[in-house]
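Dear colleague,

Please find below the structure I am handing over to you. My notes on it follow.

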Amino acid sequence: VDFADTEAFADEISSFGPDVLVEQPLQLREAVVRRLEGALAAHQEVTR
Amino acid sequence: VSAAASGSAPESATSRLSRLLTMVPWLLHRQGVEIEEAAREFGVSTAQMEADLELLFVCGTPGHMPDDLIEAEWEGGRVYLGNADTINRPLRLGVDEALALIVGLRALAAVPGLGERDAVDRALAKLESATGSASAASARIQVSIGGDVAAESLATARTALAQHRRLHLRYLVAARDEATERDVDPMRVVNIDAHWYLEAWCHVAEGVRLFRFDRIEAIEVLDADGTPPADARPRDLDAGVFTPSPSDLLVRLRLEPGAAWVSDYYPTERVEWLAGGVSLVSLRTADTAWLRRLLWRLGAQATVLEPASLAAEVRAGAQEALRAYAAPDLTSLHGG
């Protein structure tokens with residue numbers, strides 16, 4: 001897939017949750033992981 | 001001379017007064033006009049017209065002398081007015097009133113597929129020439145009423161409405177992010193908060209639904225009667241378009257400043273602002289799939305406060321996704 005803006009594309013990719021996995025490039029992969037880790041952290045706080 | 005007007009509902013004093021005030025200059029400029037024509041012009045019965053003239057006959061400037069009063073004659077069916085110079089002034093608008101009208105008319109003129117363009121354009125031209133340079137100020141005011149919507153879709157819906165024909169829609173349901181096909185019986189076309197909506201009886205949902213024109217991907221008039229069921233009632237739109245049913249799930253979110261746009265973008269019930277640009281948002285939705293997607297992409301910018309089940313879904317999905325990223329044999333698996 002071609003894309004222009006890593007952050008914007010990472011927004012879209014991360015919205016698919018576990019349904020989409022980025023293999024490469026690393027930069028996009030990291031941007032997606034950062035969002036998912038953020039979502040995880042934000043939701044562990046509350047439900048503990 | 002006949003007595004007071006026959007009529008069904010009693011008329012309010014203010015509406016009668018405004019008719020009387022408008023009537024004087026109109027009659028003065030049309031001396032000898034037939035009383036029937038005057039009655040038609042003002043949308044009243046001839047009897048009401050006579051009653052109005054009787055009242056005018058005892059109106060005038062303070063003083064109680066006969067020549068202080070308006071003279072009105074309508075013998076032989078023709079109306080003559082005299083001694084009414086003090087209120088012989090046509091409708092006058094203040095600059096602010098005129099500007100408000102101009103802006104409103106321009107907005108109306110921009111309505112896609114509007115039928116009565118001529119009348120709007122004529123009224124605009126009169127107002128703009130009367131206000132002169134002051135009307136230039138109105139150019140600085142922009143009214144947006146969703147002009148980006150395809151005029152053809154609106155025109156098609158209006159045609160179906162006028163001819164009581166059924167419509168076929170391909171409609172994007174934003175909450176589920178999917179296009180749906182459905183047949184609907186149109187009820188009305190409305191503009192709310194700068195968006196155009198078609199209100200119609202939906203044969204798929206078997207209920208009254210609002211369809212946003214910018215989410216209608218295709219619209220087609222069908223060769224079938226489109227009269228909605230007798231019990232189909234238009235919604236009361238005063239409270240806004242989104243009237244989620246109380247059975248919908250109540251969701252409360254905490255939004256960090258980076259996610260503040262969410263409360264503008266999605267219909268919310270309540271937004272409470274905390275220090276530092278943090279906001280607490282309440283919304284109701286029947287479907288949480290779009291919310292899960294939104295929350296994954298927002299990352300640490302948003303937290304579900306309620307319900308716990310949604311928070312758990314977001315957490316589980318994020319965990320599952322992250323496990324896949326952590327798997328060491330990822331490349332070999334997919335590289336095959």
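**Sheet of chain B**

In β3(B), B:G82 is the bridge partner of B:E71. This is a predicted model, in which local features need pLDDT of at least 70, side-chain atom pairs count only at pLDDT 80 or more, and totals for chains, interfaces and linings use all residues. Residues are numbered from 1 along each chain as its sequence is written, chains are lettered from A and ligands numbered from 1 in the order in which they are written, and side-chain values use heavy atoms, leaving out hydrogens and water.

β2(B) pairs with β3 (residues 78–82) of chain B in the antiparallel sense over 3 bridges; strands are DSSP runs of E, at least two residues, and helices runs of H or I, at least four, numbered from the N terminus. The open sheet has 3 strands in the order β1-β3-β2 (chain B), with antiparallel pairing (pairing requires at least two DSSP bridges between two strands). Its edge strands are β1 (33–34) and β2 (71–73) of chain B.

**Interface of chains A and B**

The contact (heavy atoms within 4.5 Å) takes 24 residues from chain A and 22 residues from chain B. The buried area, about 2300 Å², is the accessible area (1.4 Å probe) lost on putting the two parts together, summed over both; carbon and sulfur atoms give 69% of it. In chain A, A:P18, A:L21 and A:H43 lose the most area to chain B, together 26% of what that side buries.

There is 1 salt bridge between the chains (a side-chain nitrogen of Lys or Arg within 4 Å of a carboxyl oxygen of Asp or Glu). B:R297 forms a salt bridge with A:D11, with the closest N and O atoms 3.3 Å apart.

Kind regards
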